[in-house]
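The report below goes through a single chain one region at a time. Please keep the sequence and the model in view while reading.

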Amino acid sequence: MKEKRQLATVSTLVSDVLEGHRLNEPEATLLLKTQGRDTLAILAAADEMRERRVGETVTFVRNQNLHVTNICKNLCSFCGFGRKISDEGAYCHDKAGIQEQARLAYERNVTEICLLSGVHPGFTLDTYIDMMHWIHEVAPGVHIHAFSPDEVAHAAHRGNITSPDVIARLKDEGLGTIQGTAAEILVDSVRKVICPRKVPTADWIRIIKESHKAGLRSTATIMYGSYETAEDQVEHLSILRGIQDETRGFTELVTLPFVHTNTPLYQQGLARAGPTGREDLLMLAVSRLFLDNFNNIQVAWGKVGLKMTQLALLSGANDLAGTMFTDDVTGDAGASGSDYLDPADMERIVTDVGRKLRQRTTLYELV
Ligand code: SF4
């Protein structure tokens, strides 16, 4: 009997949402917790919603990650990448090291360079501006996607200036879009466990809105499958939907499954071993259905693998992120095969599920 009632609820919700109903938080939580055959109905509804909203095109950006440093003030417990200055393997690239990576990216015809780094305690706003200038010296015209709200807050704190001033300077000096990272799960009781030194939820929301209002768009991210509950995940998605209602500044949702192997959070027994395949697909599908003001839902191929990426494309996702070329953040946490995906391989998995691959810019203009 109990199973029958849940079946009715899921099927009603799925048909309501396809008729234009905006899901509320308890409804989205119920969908995220769904098991069994009902799961497939949710994935199918998300696929239909994806088709209505963005059609059959699957996009990717030709980009390269650029690692500046793995030295980090935050040392989040879910991260296997960040190091203390005194730790073995800690590094911080100078101008030559940054320009060598940027030059290589330019030769590879990337349209975007994405800074993927620790939050070095010694960095200031001037450090961030210098980095952008060094990159643009050797890679003119490349879109720089960088600096999370946590890095903006850090620069503001170090320089004793306001976050809108930091944002304005970064924009004037060449920043293309801001990173919607450092969000993880925007619930403070979770942040206290997984990233206690990062900006609290209220500051993350304030800074991302300031950025959007200054004309710097950003990604939105969710890092799921560690310490948080389904209720926390939905609270996070609800915050993103509310910001998007107000600013329309998010370009896409990037879903980031927790990679557990080399992280203190997992090693101390505080987190499970990352999300399951069911959870990966439901996160994409429920995000597609719940975030009715987002066009683009991105699957992280480097974290879920290519076969799961194909299923993600049938569960609401329409974007494959980038070529990346290198991703030490995911690799150091224990994932393999996370560095580079050739567009020819993207084409193979995309056409295999009956869709068309197109290259895009960071802002989703087709190339
Ligand atoms: S997740 Fe980012 S901020 Fe946290 S320790 Fe790792 S590199 Fe530092």
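## A pair of helices

Val152, Ala153, Ala155 and Ala156 in helix 6 meet Ser163, Val166 and Ile167 in helix 7, where a contact requires the C-beta atoms of two residues, placed from the backbone, to lie within 7 Å. The residues of this contact divide into 6 nonpolar, 1 polar and no charged; here Ala, Val, Leu, Ile, Met, Phe, Trp, Tyr, Cys and Pro count as nonpolar, Asp, Glu, Lys and Arg as charged, and the others, Gly among them, as polar. The model is a predicted one, in which local features need pLDDT of at least 70 and side-chain atom pairs count only at pLDDT 80 or more, while totals for chains, interfaces and linings use all residues. Residues are numbered from 1 along each chain as its sequence is written.

Two packed helices are described by the angle between their axes and the distance between the axes. For helix 6 (residues 149-159) and helix 7 (residues 163-172), the axes come within 9 Å and cross at roughly 110 degrees, the axes being lines fitted to C-alpha atoms over the stretch in contact and the angles running from 0 to 180 degrees between N-to-C directions. Helix 6 is therefore roughly perpendicular to helix 7, given that angles under 35 degrees count as roughly parallel, over 145 as roughly antiparallel, 65 to 115 as roughly perpendicular and the rest as oblique. Helices (H or I, at least four residues) and strands (E, at least two) are DSSP runs, numbered from the N terminus.

Strand 2 pairs with strand 3 (residues 112-115) in the parallel sense over 4 bridges, pairing being assigned if DSSP finds at least two bridges between two strands. Within this pairing, Asn65 has Cys114 in strand 3 as its bridge partner. Together with helix 4 (residues 95-107), strands 2 and 3 make a right-handed β-α-β unit, right-handed meaning that, with the strands pointing away from the viewer, the path from the first strand over the helix to the second runs clockwise.

## Strand 7 and its partners

Strand 7 is mostly covered, with 8 of its 8 residues buried. Strand 6 (residues 218-224) runs parallel to strand 7 and is joined to it by 6 bridges, and Tyr224 has Pro257 in strand 7 as its bridge partner. Strand 6, helix 10 and strand 7 make a right-handed β-α-β unit.

Strand 7 is also joined to strand 8 (residues 297-299) by 3 bridges, and these two strands run parallel. In this pairing Val254 stands opposite Gln298 in strand 8.

## Two loop residues with positive phi

Phe147, in the loop between strand 4 (143-146) and helix 6, has a positive phi of about 70 degrees although it is not a glycine. With 29 C-beta neighbours inside 10 Å, Phe147 counts as buried.

Arg248 lies in the loop between helix 10 (230-247) and strand 7 (250-257), and its phi is near 55 degrees, a positive value in a residue other than glycine. Is Arg248 buried or exposed? With 11 C-beta neighbours inside 10 Å, Arg248 counts as exposed.

Leu32 is found in helix 2 (residues 25-32) and is buried, with 23 other C-beta atoms within 10 Å. Leaving aside neighbours within four places in sequence, Leu32 is in contact with Ala230, Gln233, Val234, Leu282 and Val286. Leu32 and Pro121 are 89 residues apart in sequence and 38 Å apart in space, C-alpha to C-alpha.

Ile205, in helix 9 (residues 201-213), counts as partly exposed with 18 C-beta neighbours inside 10 Å, and its contacts beyond four places in sequence are with Ile239 and Ile243. Leu270 lies in the loop between helix 11 (264-267) and helix 12 (277-290) and is partly exposed, with 15 other C-beta atoms within 10 Å. Leaving aside neighbours within four places in sequence, Leu270 is in contact with Val193, Tyr227 and Leu265, and its C-alpha is 9.2 Å from that of Ile194, 76 residues apart in sequence.

Key. A residue is buried if 20 or more other C-beta atoms lie within 10 Å of its own, exposed if 12 or fewer, and partly exposed in between; C-beta atoms are placed from the backbone.
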